[in-house]
Amino acid sequence: LIKNLEPYLAVTGEKLSVIGEPCYDLYVFQKGSVRTKDATGAIANVAEGDIIGHLATQAKSHREGLPTHSLEINLISANFSKSKNGNPYVIVKNGRYRCRSLIKSTRNWMETIDMKVKVENADNSHKTELIVKEWRKRQNHVVVGYGEIIVTESSLGDVMVCTIHDDRGRNVGTIELRAKLCRLSASDVLTSHEM
């Protein structure tokens, strides 16, 4: 399959896949900025390496099932000791699905990331992984560190601090955020596979 892939350069504003219209192509996102929007209007930034297209979303919903909850993460601020040569951004990872924040050059983040997730725990809690990367203009993006948060339906969006650790387990910084988990309505669940 890899030998059959052809490079494709999308132009600004181009829609690669539209809900309700046939799309038989798969795109592997390599570099740049791509946003997705599902049938309910939820918008998310696509992370590098993600696959875009209706076939990919159908395969994901078949493999993982439809999401049951909406996860809202409000990134407030960040403080990293390791991020010195570039600007950081956060990838929010839930299973195989990832969503990327914007690249920030200041400590104050003030960005909201909305995702649809499948919650299978009896206590309605959901573990989410945060990956912090550093954007560098002419080099590969470098992983600063990893962290995780656990969100429940009873979370009221209180401010929490997520500690970020590097590959060796050393503390390299923190992210201040709010997280909220809400059960999706029946109509939102049915349209979620379109994302």
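**From surface to core**

L26 counts as partly exposed because its relative accessibility is 47%, where buried means under 20% relative accessible area, exposed means over 50%, and partly exposed lies in between (1.4 Å probe, protein chains only). The model is a predicted one, in which local features need pLDDT of at least 70 and side-chain atom pairs count only at pLDDT 80 or more, while totals for chains, interfaces and linings use all residues. Residues are numbered from 1 along each chain as its sequence is written, and side-chain values use heavy atoms, with hydrogens and water left out.

L26 belongs to the segment before β1 (27-28), and together with L5, V28 and I51 it makes a nonpolar surface patch of about 370 Å². Such patches are made of residues with over 30% relative accessible area and no salt bridge, with like charges joined within 9 Å and nonpolar side chains (Val, Leu, Ile, Met, Phe, Trp, Tyr) within 5 Å. The accessible surface of the chain as a whole comes to about 12,000 Å², of which 50% belongs to carbon and sulfur atoms; these areas come from the Shrake-Rupley method with a 1.4 Å probe, and for residues only the protein chains shown count as cover.

The secondary structure comprises 2 helices and 12 strands, taken as DSSP runs (H or I of at least four residues for helices, E of at least two for strands) and numbered from the N terminus. Read from the N terminus, the order of elements is β-β-β-β-α-β-β-β-β-β-β-β-β-α. Of the 195 residues in the chain, 38% are buried.

In soluble globular proteins, nonpolar side chains tend to be buried together. Here the largest nonpolar core has 27 residues, and those with the most contacts inside it are L75, F80, V90, I175 and L177; a core is a set of buried Ala, Val, Leu, Ile, Met, Phe, Trp, Tyr and Cys residues joined through side-chain atoms within 4.5 Å. Among the elements that give two or more residues to this core are β5 (69-80), β6 (87-94) and β12 (171-183). Apart from this core lies another, of 6 residues, among them L16, Y27, V46 and I52.

Leaving aside neighbours within four places in sequence, I175 is in contact (heavy atoms within 4.5 Å) with residues including L75, F80, V90, L130 and C162. C162 counts as buried because its relative accessibility is 3%, whereas C182, at 35%, counts as partly exposed. A search of the whole structure finds 0 disulfides, a disulfide being a pair of cysteine sulfur atoms within 2.5 Å.

What backbone angle sets M110 apart from a glycine-like expectation? M110 has a positive phi of about 50 degrees although it is not a glycine. Most residues other than glycine have a negative phi. M110 lies in strand β8 and is exposed, with a relative accessible area of 64%.Finally, the count of salt bridges comes to 2, each a side-chain nitrogen of Lys or Arg within 4 Å of a carboxyl oxygen of Asp or Glu. The side chains of R183 and E153 meet in one of them, at 3.2 Å from N to O, and this pair links distant parts of the chain, 30 residues apart, with R183 in strand β12 and E153 in the loop between β10 and β11. R183 is exposed at 51% relative accessibility, while E153 is partly exposed at 33%. D166 and R170 also meet through their side chains in a salt bridge, at 3.0 Å from N to O; D166 is buried, with a relative accessible area of 8%, whereas R170 is partly exposed at 46%.
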